[in-house]
Amino acid sequence: MIYEKTKLPFSYDSLEPYMDTLTVEIHYEKHLQTYVNNLNRFLNGYEEFTKNKSIEDILKDVENIPKEVRTQVINNGGGVYNHNFFFNILGESKKREPQGKLLKGIKEAFGSYNNMCEAVSKAAIGQFGSGWSWLVVNDKLQLQVISTDNQDSPISIGLKPILAIDVWEHAYYLKYKNLRNEYVKNIWNLFNWDKIEEIYEGIIKY
Ligand code: MN
């Protein structure tokens with residue numbers, strides 16, 4: 001199986017002014033492409049293992065990854081999965097905040113939309129070094145916030161992501177320099193709630 005990056009659902013400049021054009025282009029064309037290239041390179045020769053498996057299938061069962069490439073596949077495969085997910089939940093949306101079932105789930109778990117934003121932001125700002133902050137659905141179908149190191153993915157610990165903030169410096173440094181908190185504050189203008197609601201509803205209907 002050959003793994004690929006997602007088609008970007010928006011143009012490089014459409015996340016301005018909160019995420020600058022150059023950052024989006026380099027993040028997608030260079031950083032994500034490098035994870036894709038490395039993943040395919042490390043899995044070259046393991047066609048029997050990758051046959052009919054999406055990157056999601058592989059990361060959900062990391063114990064089953066051939067031992068000699070396991071770390072490389074977790075790191076680069078996580079880089080592919082996490083970024084493909086991330087780029088798909090950004091962009092233009094008809095609504096500024098979630099509604100319907102998702103808003104109900106958020107209120108049950110956090111009390112309010114603002115409390116949820118605070119919890120995800122706090123995890124993003126508090127993540128030491130490179131990593132991600134996530135809003136996920138757990139096995140009880142409740143929403144919760146986690147952060148992960150490096151390119152570790154929530155799907156490897158049985159959690160289903162519905163929202164993510166990339167806090168690697170490559171995600172914000174050109175515009176925000178060391179001010180991760182400013183980037184995290186502004187990214188709330190960029191989430192595509194139509195898309196995030198769709199992902200959430202797809203998870204809770206089972
Ligand atoms: Mn990134």
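This report describes selected helices, ring pairs and single residues in one protein structure. The structure is a predicted model.

**Helix α6**

Helix α6 covers residues 113–126.

Which residues of α6 are buried? They are Tyr-113, Met-116, Cys-117, Val-120, Ser-121, Ala-123 and Ala-124. These residues cover an arc of only 160 degrees around the helix axis, which means that they sit on the same side of α6. On the other side of the helix, Asn-114, Glu-118, Lys-122 and Gly-126 are exposed.

What do the buried residues of α6 pack against? Their partners include the helices α5 (100–110), α8 (180–187) and α9 (193–204). The strands β1 (131–137), β2 (143–149) and β3 (160–166) are also among the elements they pack against.

**Aromatic rings and charges**

The whole structure contains 11 aromatic pairs. One of them joins Tyr-113 and Trp-193, whose ring centres are 5.8 Å apart. The planes of these two rings stand at 75 degrees; an angle over 60 degrees counts as edge-to-face, so the pair of Tyr-113 and Trp-193 is edge-to-face. Tyr-113 belongs to helix α6 and Trp-193 to helix α9, so their pairing ties together parts of the chain that are 80 residues apart in sequence.

Are the two partners buried or exposed? Tyr-113 has a relative accessible area of 11% and is buried. Trp-193 is buried too, with a value of 1%.

Elsewhere, one aromatic cluster is formed by Tyr-28, Tyr-81, Phe-85, Phe-86, Phe-87, Trp-132 and Trp-134. Tyr-28, a member of this cluster, also has Lys-5 lying over the face of its ring, at 4.9 Å from the ring centre. A like arrangement involves Arg-41, which lies over the face of Phe-42 at 4.8 Å from the ring centre.

Thr-50 is part of helix α2, which runs over residues 47–50. With a relative accessibility of 1%, Thr-50 counts as buried, because buried means under 20%. Which residue does the side chain of Thr-50 reach through a backbone nitrogen? That residue is Met-1, and the distance is 3.0 Å. Thr-50 and Met-1 are 49 residues apart in sequence, yet their C-alpha atoms are 5.6 Å apart in space. Leaving aside neighbours within four places in sequence, Thr-50 is in contact with Met-1, Tyr-3, Leu-43 and Ile-58.

Glu-197 is located in helix α9. At 10% relative accessibility, Glu-197 counts as buried. Its side chain makes a polar contact of 2.9 Å with the side chain of Lys-95. Not counting residues up to four places away in sequence, Glu-197 touches Lys-95, Pro-98, Gln-99 and Leu-102.

**Loops and backbone geometry**

Gly-45 lies in the loop between α1 (21–42) and α2. Its relative accessible area is 58%, so Gly-45 is exposed. Gly-45 and Tyr-113 are 68 residues apart along the chain, and 47 Å separates their C-alpha atoms.

Where is there a cis peptide bond? The bond from Glu-16 to Pro-17 is cis, with omega near 0 degrees. Pro-17 lies in the segment before α1.

Two further residues have a positive phi without being glycine: Asn-150 and Lys-177. Asn-150 is found in the loop between β2 and β3, and Lys-177 in the loop between α7 (173–176) and α8.

Methods:
Residues are numbered from 1 along each chain as its sequence is written. This is a predicted model: local features need pLDDT of at least 70, side-chain atom pairs count only at pLDDT 80 or more; totals for chains, interfaces and linings use all residues. Side-chain values use heavy atoms; hydrogens and water are left out. Helices (H or I, at least four residues) and strands (E, at least two) are DSSP runs, numbered from the N terminus. The expected span of a helix is 1.5 Å times one less than its number of residues. Buried means under 20% relative accessible area, exposed over 50%, partly exposed in between (1.4 Å probe, protein chains only). The arc is that of the directions from the helix axis to the C-beta atoms. Contact means heavy atoms within 4.5 Å. Rings of Phe, Tyr and Trp (its six-membered ring) pair if their centres lie within 6.5 Å; planes under 30 degrees apart count as stacked, over 60 as edge-to-face and the rest as tilted. A charge sits over a ring if NZ of Lys or CZ of Arg is within 6 Å of the ring centre and within 35 degrees of the ring normal. A polar contact is a pair of N or O atoms within 3.5 Å; within protein, one must be able to donate a hydrogen and the other to accept it, and residues adjacent in sequence count only if both atoms are side-chain atoms.
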